[in-house]
Amino acid sequence: MPLHHVEQLEAARVGAGASGRNGGQLGSGQRLGQPELERRFGQERARLLWQLAEEAKALVKARIARHEIACELRPGVLHAAHKAAHAEALEREAAHLERRYGYEQARYVARAEMAVGIGALLDRLPNLRLDPDSEAPRFIGMYERGATEIPVVFGPH
Ligand SMILES: Cc1cc2nc3c(=O)[nH]c(=O)nc-3n(C[C@H](O)[C@H](O)[C@H](O)COP(=O)(O)OP(=O)(O)OC[C@H]3O[C@@H](n4cnc5c(N)ncnc54)[C@H](O)[C@@H]3O)c2cc1C
């Protein structure tokens, strides 16, 4: 077996960058949706970008299986629209993925269905509220804007 000498250079600590703090979501496609990629780069290249992303997903899943990584992999990513116009675009995109790429796993979740799903989740967290004993959440970032942490409590007072 060949021997390799590996050195890792890391400015901070291992995992300090995006890999150590991403959302852990195994999404499909690229940051831009396929219709936009088709507009910018044409059908052929857009299709290659789609395939690249599908291969990346398959590689991650294969590695999780091969190394028995206990990362609680669950199927499904929910893209929630916060404007009606965005919801329409998501619905069109799901249909587009099926029609043009034969991808049948993207499903549009109607507003009423979202309300039922979120309601069911909140039912399991009765009286959900910000933890009064913790610091208020801080929202940082521009592109990936989000809270550093949101301490919450639930259950009876
Ligand atoms: C908040 C957030 C959420 C995300 N969520 C998701 C998600 O849910 N799903 C998804 O697929 N992607 C997500 N991403 C994107 C994904 O995490 C990144 O694309 C991926 O981790 C990038 O990996 P990388 O190895 O290129 O960079 P990094 O993991 O950032 O590694 C780069 C490393 O290089 C080090 N470094 C920098 N400069 C030097 C230097 N001069 N010398 C030595 N070391 C240096 C840094 O400290 C860092 O540790 C998210 C990203 C962020 C920031």
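Which residues are the closest to the ligand? Some notes on that and on the rest of the chain follow.

1. The closest are Gly17, Ser19, Asn22, Gly23 and Gln25, among 15 residues that surround the ligand (near means a C-beta atom, placed from the backbone, within 6 Å of the molecule). By class, that shell has 5 nonpolar, 7 polar and 3 charged residues (Ala, Val, Leu, Ile, Met, Phe, Trp, Tyr, Cys and Pro are nonpolar, Asp, Glu, Lys and Arg charged, the others, Gly among them, polar).

2. A word on the model: it is predicted, with local features needing pLDDT of at least 70 and side-chain atom pairs counting only at pLDDT 80 or more, while totals for chains, interfaces and linings use all residues. Numbering starts from 1 along each chain as its sequence is written.

3. There are domain 1 (23-77), domain 2 (82-117) and domain 3 (125-157), with bounds from an automatic or database domain assignment. Between the C-alpha centres of domain 1 and domain 3 you'll find 30 Å.

4. Now the helices (DSSP runs of H or I, at least four residues, numbered from the N terminus). Helix 1 (residues 34-66) packs with helix 2 (residues 84-101) at about 40°, axes 13 Å apart (lines fitted to C-alpha atoms over the stretch in contact, angles running from 0 to 180 degrees between N-to-C directions).

Notes
Helices (H or I, at least four residues) and strands (E, at least two) are DSSP runs, numbered from the N terminus.
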